[in-house]
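Please look over the sequence and the structure below before reading on. The paragraphs after them go through the chains part by part.

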Amino acid sequence: MPRINSPEDLEKVRQEILAARDPGRPCISICAGTGCLASGAGEVIAAFKAEIEKQDLQAEVNTRETGCPGFCERGPVVVIYPEEICYLQVRPEDVPEIVSAVKEKKVVERLVYVDPATGEKAILEADIPFYKHQVRNLIGSNIRIDPKRIEDYLAIGGYSALARVLFRMSAGEVLSEVKKSNLRGRGGGGFPTGRKWEESRNAPDPIKYVIVNADEGDPGAFMDRALLEGNPHSTLEGLTIGAYAVGAREGYIYVRQEYPLAVENVIIAIKQAEERGLLGKDILGSGFDFTVKVHKGAGAFVCGESSALMTALEGRAGEPRPKYIHTAVKGVWDHPSVLNNVETWANVPLIINKGAGWFMQFGTERSKGTKIFSLVGKITNTGLVEVPMGIALRDVIYKIGGGIPGGKRFKAVQTGGPSGGCIPESLLDLEVGFDELSRAGSMMGSGGMIVMDEDTCMVDVARYFLNFLTDESCGKCVPCREGIRQMLKLLDNIVKGKGKEGDIELLEALSETAIDASLCALGKTAPNPFLSTLKYFREEYEAHIRQKRCPALSCKELIAYHIEPEKCRACMICAKQCPVNAIAGGKNLIHVIDQEKCTKCGTCFEVCPARFGAVRKLSGEPVPAPIPEDARAVSRKGKET
Amino acid sequence: MDIGKIDKIIDRHGGGSDSLIQVLLEIQSENHWLPGEALGRVGERLRVPLTRIRHIATFYKAFSLVPKGRHEIHVCMGTACHVRGAQRVLDTVQDLTGIRPGETGLDLKYSLETVNCVGCCALGPVLEIDGKTHGKMGPAKAAAVLKNME
């Protein structure tokens, strides 16, 4: 591949790439992100390639393996260009029909989106309600490019922001544009990005570093993975612009090894950018040198914390240090280091190209731009959604997310990962922003939104996060290491029905110590899941402690399964599927659960046909005695005659 | 593990002590665990004391100091999977394999680990066996998946 040596050269290459493409030629884009691959996208891609060859259409139809468009719920997602027809949940056996339809410029009606509420079909991607209410500045490019081909990124205007910065802006001008945009860190804290850059730039040490934090450790959050996997060059371009602004010559991408596809794509992207002269020595002939190394994270949640991440980069165990001196001044090997997460870096080229003013039209007074959230849990449309800051939580959950499946009731939404909290139904009209969420006792975090319905026990949710954090605490400081462990012990007892009066107060006292005395944000925010669930769902804690009852019928030790004899139709389904053979009964004999043998796995509850609904969960009340054996015969009305 | 192989990995990463984690990750991915001789060799070549290597090998989740079974089972315990019933899936897998998270069976058939989110939340609860994702799991489905393993 020829090197690009000037901004004019870059523009020429872009025009050449575009000229070689026929905009009217059909292109079949298949999502090859982790989510869709897990749903079988690999087989679909292979089927498309085989079918196109079979129908001898190689010269007429293109295929493209793209990054994640966000609608994971209905993966594998296939989009046909130039019309942008969107097919969902495509199986290999659907492929011949799609290819024929592409050839004849028709639509395969049965594979397009159907609104579950109205029954209306949405043929184009933009018409699907899930996408319609989003503002997809960042993630929207994912489906337009193959992340393994730099040409695709160049074709959509990639690296033009870098060219502008290197040739038409001074480092100070870049910095002031980013400062003006009021971009705040997307990784959790929401620290103003421009201020962080400025601090590093002003530090006297001449050796500086810029770092991408792609150690996305929050369970239930995967937006950074989607960006890095689907559009690695946008992060690289942002990072290079940042390096120019602060005066760094070296950069790192810290990406967790649990994201193998992101690692692969970012390594390919770096190689291609170097070959093209967009990274490395004398970038675009400007005289600016910048190299990037990839460091794979070996799996430690605490390494998402800036000082811990930098310690890990040095090849040591990632333990945080006190930050009286910011890492922007003293970071990796004690040199000034700017650390931002993937989404923050990916915003930078957009701000440079379109201006701070453009960026600021999205969002609220203090939270600008758009934010990607991963909307997961008990929600109809699981996936990644990009929305302007300030949108109401209700709109995200109902308009985009499609509400709660199975006719269940919404209970809470958890934001901010293990450091965040739960927001109840009464606050659903809250605007999504850094400060708004903090005031409600939660936080923005990196953007996980886990929706919970009436079947989710809030005490168990708090226990879950403290269990996670006990495991992930690095152990360096006592309030975190010991405090969280004691909190977990108390919560473990409560969900097992062994809680006692005074436990809540003790938990509150432990929370106070952990918040005040922990070294890093992991410990300081660890009590949040407990405190926020206590604030909004105190009655659930009290029911567990006083009545030994789990109102959500979820805590295993506090519930029992019971088959209601008058509803059971002796169909044998539950008895056959019970993994421990705890269900007695036979043909025409009402089934009875042996409470001694039952492991409370819930299989019987799930498999009992909805028209019978005979299996019931009980909590806080005794299980009715099994009906006597001679009364178990089922009479089948209508069949006897 | 062959010393020559380890040396090659170390050379690929430049031989500096800052490459320690990357070297260990590569040995782990090739060998599936970190044998004592390998750690010794890495310490010698990178000039890092064994205490620090063991600190790292026990600090990070990716490393194992014991051999792994033929099949590696990962049960996702991410929040999205958790609220959809991942614990019940884990309980079933534990009952059927007789091992707990972090353990390997004596017959070396299975190793069981819990992981915090594999990012396939739409498919939750998720079970991953030897890198293959099995989605929308419940106790009965998980049992069926395990039944088919050799």
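**Domains, contacts and local details**

For chain B, the domain assignment gives domain 1 (3-59) and domain 2 (71-147). The C-alpha centres of domain 1 of chain B and domain 2 of chain B are 29 Å apart. Everything described here belongs to a predicted model.

Chain A is divided into domain 1 (24-133), domain 2 (158-360), domain 3 (370-453), domain 4 (458-547) and domain 5 (556-631).

Next comes the interface of the two chains. Here 35 residues of chain B are in contact with 39 residues of chain A. Which helices of chain B each supply at least two residues of the side that touches chain A? They are α2 (20-31), α4 (50-59), α5 (79-83), α6 (86-97) and α7 (139-147) of chain B. Sorted by class, that side of chain B holds 18 nonpolar, 13 polar and 4 charged residues.

Is Q87(B) buried or exposed, or does it count as partly exposed? A residue is buried if 20 or more other C-beta atoms lie within 10 Å of its own, and exposed if 12 or fewer do. Q87(B) has 18 C-beta neighbours inside 10 Å, so it counts as partly exposed. Along the sequence, Q87(B) and C76(B) are separated by 11 residues, and their C-alpha atoms lie 9.3 Å apart in space.

The loop between α6 and β2 (110-115) of chain B holds L108(B). The phi angle of L108(B) is near 55°, a positive value in a residue other than glycine. L108(B) has 12 C-beta neighbours inside 10 Å and therefore counts as exposed.

Now turn to chain A and to the packing of its helices. Helix α14 (residues 342-354) of chain A packs against helix α8 (residues 171-181) of chain A, with the axes 10 Å apart and an angle of about 100°. Angles of 65 to 115 degrees count as roughly perpendicular, and α8(A) and α14(A) are therefore roughly perpendicular to each other. On the α8(A) side the contact is made by E177(A), V178(A) and S181(A), and on the α14(A) side by V348(A), I351(A) and I352(A). The residues of this contact divide into 4 nonpolar, 1 polar and 1 charged.

Helix α7 (residues 160-168) of chain A also meets α14(A): the two axes come within 9 Å and cross at roughly 65°. The crossing of α7(A) past α14(A) is left-handed. From α7(A), the residues making the contact are S160(A), A161(A), R164(A) and V165(A), and from α14(A) they are P349(A), I352(A) and N353(A). By class, the contact of α7(A) with α14(A) has 4 nonpolar, 2 polar and 1 charged residues. I352(A) takes part in the contact with α8(A) and in the contact with α7(A).

The remaining details concern another part of chain A. C36(A) is found in helix α2 (residues 34-38) of chain A. C36(A) has 29 other C-beta atoms within 10 Å and so is buried. Leaving aside neighbours within four places in sequence, what is C36(A) in contact with? The residues are C31(A), A41(A), G75(A), P76(A) and V77(A). C36(A) and C72(A) are 36 residues apart in sequence, with their C-alpha atoms 6.5 Å apart in space.

Two of the residues in contact with C36(A), G75(A) and P76(A), are joined by a cis peptide bond with omega about -10°. P76(A) lies in the loop between β2 (62-66) and β3 (78-81) of chain A. A cis peptide bond also joins Y81(A) and P82(A), and there omega is about 0°.

P82(A) has its place in the loop between β3 and β4 (85-87) of chain A. E84(A) is found in the loop between β3 and β4 of chain A as well. Although E84(A) is not a glycine, it has a positive phi of about 65°. With 14 other C-beta atoms within 10 Å, E84(A) is partly exposed.

Notes. Residues are numbered from 1 along each chain as its sequence is written. Chains are lettered from A and ligands numbered from 1 in the order in which they are written. This is a predicted model: local features need pLDDT of at least 70, side-chain atom pairs count only at pLDDT 80 or more; totals for chains, interfaces and linings use all residues. Two residues are in contact if their C-beta atoms, placed from the backbone, lie within 7 Å. Helices (H or I, at least four residues) and strands (E, at least two) are DSSP runs, numbered from the N terminus. Ala, Val, Leu, Ile, Met, Phe, Trp, Tyr, Cys and Pro count as nonpolar, Asp, Glu, Lys and Arg as charged, and the others, Gly among them, as polar. Axes are lines fitted to C-alpha atoms, for helices over the stretch in contact, and angles run from 0 to 180 degrees between N-to-C directions. Angles under 35 degrees count as roughly parallel, over 145 as roughly antiparallel, 65 to 115 as roughly perpendicular and the rest as oblique. A crossing is left-handed if the near helix is turned anticlockwise from the far one by less than a right angle, and right-handed if clockwise. Domain bounds come from an automatic or database domain assignment.
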